[in-house]
Amino acid sequence: MAGAVSALFLLDIKGRVLVWRDYRGDVSALQAERFFTKLLDKEGDAEVHSPVVYDDAGVTYMFIQHNNVFILTAARQNCNAASILLFLHRVVDVFKHYFEELEEESLRDNFVVVYELLDEMMDFGYPQYTEAKILSEFIKTDAYRMEVSQRPPMAVTNAVSWRSEGIRYKKNEVFLDVVESVNILVNSNGQIVRSDVVGALKMRTYLSGMPECKLGLNDRVLLEAQGRATKGKAIDLDDIKFHQCVRLARFENDRTISFIPPDGSFDLMTYRLSTQVKPLIWVEAQIEKHSRSRIELMVKARSQFKERSTATNVEIEVPVPSDATNPNIRTSMGSAAYAPERDAMVWKVKSFPGGKEYMCRAEFSLPSITAEEGAPEKKAPIRVKFEIPYFTVSGIQVRYLKIIEKSGYQALPWVRYITMAGEYELRLI
Amino acid sequence: MSGHDSKYFSTTKKGEIPELKEELNSQYKDKRKDAVKKVIAAMTVGKDVSSLFTDVVNCMQTENLELKKLVYLYLINYAKSQPDLAILAVNTFVKDSQDPNPLIRALAVRTMGCIRVDKITEYLCDPLQRCLKDDDPYVRKTAAICVAKLYDINAELVEDRGFLEALKDLISDNNPMVVANAVAALAEIQDSSVRPVFEITSHTLSKLLTALNECTEWGQVFILDSLSRYKAADAREAENIVERVTPRLQHANCAVVLSAVKIILLQMELITSTDVVRNLCKKMAPPLVTLLSAEPEIQYVALRNINLIVQKRPTILAHEIKVFFCKYNDPIYVKMEKLEIMIKLASDRNIDQVLLEFKEYATEVDVDFVRKAVRAIGRCAIKLERAAERCISVLLELIKIKVNYVVQEAIIVIKDIFRRYPNTYESIIATLCESLDTLDEPEAKASMIWIIGEYAERIDNADELLESFLETFPEEPALVQLQLLTATVKLFLKKPTEGPQQMIQAVLNNATVETDNPDLRDRAYIYWRLLSTDPEAAKDVVLAEKPVISDDSNQLDSSLLDELLANISTLSSVYHKPPESFVSRVKAAPRADDEEFADTAETGYSESPSQGVDGASPSSSVGTSSNVPVKQPAAGSPPAPAAMPDLLGDLMGMDNAIVPVDEPAPSSPPLPILLPSTTGQGLQISAQLTRRDGQIYYDISFENGTQGVLDGFMIQFNKNTFGLAAGEALKVPPLQPGTSARTLLQMVPFQNISPGAPNSLLQVAVKNNQQPVWYFNDKIPLHVFFVEDGKMERASFLEAWKSLPDDHEFTKELPGSVISSIDATVERLAASNVFFIAKRKNGNMDVLYLSAKMPRGIPFLIEITAAVGVPGVKCAVKTPNKEMVPLFFEAMEVLTK
């Protein structure tokens, strides 16, 4: 059941090895490079290929891509694929924390630290430690690091592995953003095929010492268990995922969300609601294609939320044929433009109050000649982006956030709510 | 925060290695550190910097943690190629493993475990033992993994030294991270051991479940994965475990969630209460669905696993089919897996919606995905009898779009639908026939032909349709030919009229006489005989009832499925194959491709594949990194005959008789200084290889410039091209301060040959009882190998010269050489076993012909052209052994100086 990877490679966009760390001495960089470049050659695009590939020599390669860098592991054992792929993403996060951005250049510029990190994050092919913030306490990039040798921070092996002791702030503050993304898929008949809401409680903590936090939500299960009259709205959360700082056993017992937070920003929890949501912004498009001459678009967008809320930064992307030219666009609100690189017309409305309807008409020319047996047109859906501040679809509310630290300071929690479009797709007829 | 390390990659082209060497030996700390960084940079871009081994190792004893880490990294990479030198790092390792700083202790034990050199391993045991009991958990967690490393190199040693017990003790450690790593190490050791090493008892179980709450996310995965092996005693215990594991479903780390799901599914097998099971299924659904919001790569793993889970427990996600609908931006590999699960979850209740989706996908651009979508419709039709008609109407709609590959795929699945529901949907055949001429893929063609043959009696123009295919019979692929043959026979049996009769003749003739495909021929002969002897029997055979086909979307058999479920989240569950089928445990030592690698990249580190056995370990790995080779002539050195006495043991302080020097050679010329006294803390070493009386000696002199007596001198040579090694123990008397001693050490060649292209490098290590080990490099002059019987007769010289092809002739100007008198030169060369054969005049130039011979009969035929007294000598040589030529010229340069 056990399984470790044999080596970790950082490759450039062509699949050539930039840096690699051999953990078990049973794979070769050359073989990996050959295998991977061949894979890239064949597919042309790594996107196409599943992230787990087996070569005939008994080696499994798992990889992800970030900017112009591939992060690849080679393994000979039956290792935990989910764990390793997730680990690769964490490696990216750690590098990003260190070098601002992970790309070929930054790897070259910091190869010494890269080796150090690879040594600390994984041992003998087993993931060990990926808390960037704590790692940077004892692996530093400074050119002039002090000669005094550092010790491993307590946190590395502590039960509280995400926070170091002795943090001090003059002003103790917590910012809590409740961000809900609405994912929706509407099929060409105008039916909602799928809709859900993915919420995240994003925290930024600036707290001294080792604060004990307790978060109260209007969670129906909790409120009912406490026998409280649910004044206001209580909500059902389908699936809750917590940052590792939250005591899961405690939550399982009495639904209390208690934790010692990491320092700085992190996602405290995410949740999902699969209740049917009414599309907050409904878009209809009529497309008339006058064969081989022009195409006419009439797009209607309607906001279906209360008038006191306002959607901002609304962006509606309507696909147009890739060979369209000469756009002629008029809108009743906002501005629209042809974005040939996306094969789409993008209509932007800065501010879109609830209960309103706006229109956009457009006309494009089409070439009179087309390929006889042309490949079928890519059928992209209409995609919508927006943000609605001070509003959540789920009705989730933070009832309290208690912060107790032994020094007894008062901390100020700030809470904000915002709803935004996630994967918001409406298929065209 | 960005660094500027890229500057270390820039190189001066000429003499990079010597330059680095110099910097590595600099007296300034910063310069040494920069040099090590440059070495690591060179290693990173694949240059072979293994020749700097001793110089880098000399930088190891440093207070600077960053520098230390870099040197350690270098060691991990090159120790295997320099096993004998690597051992010299042991002292520092052992010292570091007792450093007051836990970071350094852990670093030392972690790195030592990565150096897969047997001899080092032995020295690892004591530090490891200490570190397993270290006060600092960071050191203990590193030591735990190190036990697994050691086991991988030398399992016996781990068992003998009681490390397994120590590791098991760590399961009760008070630090959760240590527990997690101990679990990972034990699980790995268990995997490669036949004996039970790591058995989870109810006692350890509770320890692990407690540690689970506190360790890092990765540690949680180790613990959960090892728990999945635990078989609960009864339903109560199983419920208990599940209860403790269920909170993990709320963890943000997907791997933790999947591993928790694995344990719950496994323990559910034992739980009898249907209520509990139902409840658990309900609890697992939301976390599984949430996995689909993860990164696409994780989604892929999750989907492959969900595929297994829904086969075992279809109820868990029965109501969640919508979450598997494909998004426009999903990567194609995610879409494909989603499609597979949609088929599995399709039911009479949701089929309408599912069909709408499939239809949508069938008009996308990715051809493979479109095909799979069309096929999915067919599979749903076969799976759901009541939905079959709706599926078929969707397929017909798709055929009308007339996209070629959609039509072909649709026809293939419609054939299956016909087989599944015979005599039900024939009304659509007419529509199918419309697209007949667009078919160009064998499988689609064969399917269409099968349909025509099967329903020949209902298709009025079946004979015409088949005939149109028959025209190209010889060119068709086997698949289509076989179908055509059978369909024609069916047609004939159903409509025994004149047309089909002629067709059958033609087909049988074609299939028996004009083909070389045995399958086709055999089938044709069988039909022929059947038809000619008993047409009724032929009917019974050819038109027999066919067995009903079923949906194959739940294809895994239950024992395999159970095995895969026990491996949820692992590669096994991604491949849908048991681990044995793809896991290839390879002991690290042989790197199969290194040889090939060295060959292609000419690194000069390939194991010479020819005669003999190399006594030492096959340590040819250079970290496989050298894409940019050090330019050296290609390989071809003769291998060593057998192992030689382990001189390392001597060097490391084993007792060995040291006899005082008895033969100082005061009259000899001064020797080149190889270890200046500034480097050697007062000790100066000069040495040179010489040849006397047919023997090779290392003429070596020690000068004690220190304040005290130096004694206990020992010497060790690293592997080298010629396998030169000490043939006897070094005999040096105790050296009083201010005195010196010189001795001749007899050398034997062909003992410890370093593979790869020949070079003249001789790496030497010398130690005494008072000082650290000293390393220095010397050059091997080729002429010490020239044998005494190297003189050739004129005739045989001429013959040999002519017989060697011209590309074996090499010429080099030796500008630093001068011949002041022919006789003196000839005499001098003869003293080095380069023998004069003839000379001639060419204008004002003298041309000398000489010969020399290496052991094993390698001759050198030499032509020297020079004007007496004028600097500059042109030297030409012909030899069968081209690789030695550069070394030969070096030797000639020395001899004619």
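Reader: How many residues of domain 2 of chain A are in contact with domain 3 of chain A?
Author: In this predicted model, 4 residues of domain 2 of chain A are in contact with 5 residues of domain 3 of chain A. Two residues are in contact if their C-beta atoms, placed from the backbone, lie within 7 Å. Local features need pLDDT of at least 70, side-chain atom pairs count only at pLDDT 80 or more, and totals for chains, interfaces and linings use all residues. Residues are numbered from 1 along each chain as its sequence is written, while chains are lettered from A and ligands numbered from 1 in the order in which they are written.

Reader: By class, which residues are on that side of domain 2 of chain A?
Author: The side of domain 2 of chain A that touches domain 3 of chain A has 3 nonpolar, 1 polar and no charged residues. Ala, Val, Leu, Ile, Met, Phe, Trp, Tyr, Cys and Pro count as nonpolar, Asp, Glu, Lys and Arg as charged, and the others, Gly among them, as polar.

Reader: Where are the bounds of those two domains?
Author: Domain 2 of chain A covers 173–276 + 393–422, and domain 3 covers 281–368 + 379–388; such bounds come from an automatic or database domain assignment. Their C-alpha centres lie 34 Å apart.

Reader: Turning to the two chains, how many residues does the contact take from each?
Author: The contact takes 92 residues from chain A and 102 residues from chain B. On the chain A side, the residues divide into 43 nonpolar, 25 polar and 24 charged.

Reader: Which residues is B:Val147 in contact with, leaving aside neighbours within four places in sequence?
Author: B:Val147 is in contact with B:Val158, B:Phe163, B:Leu167 and B:Ala185.
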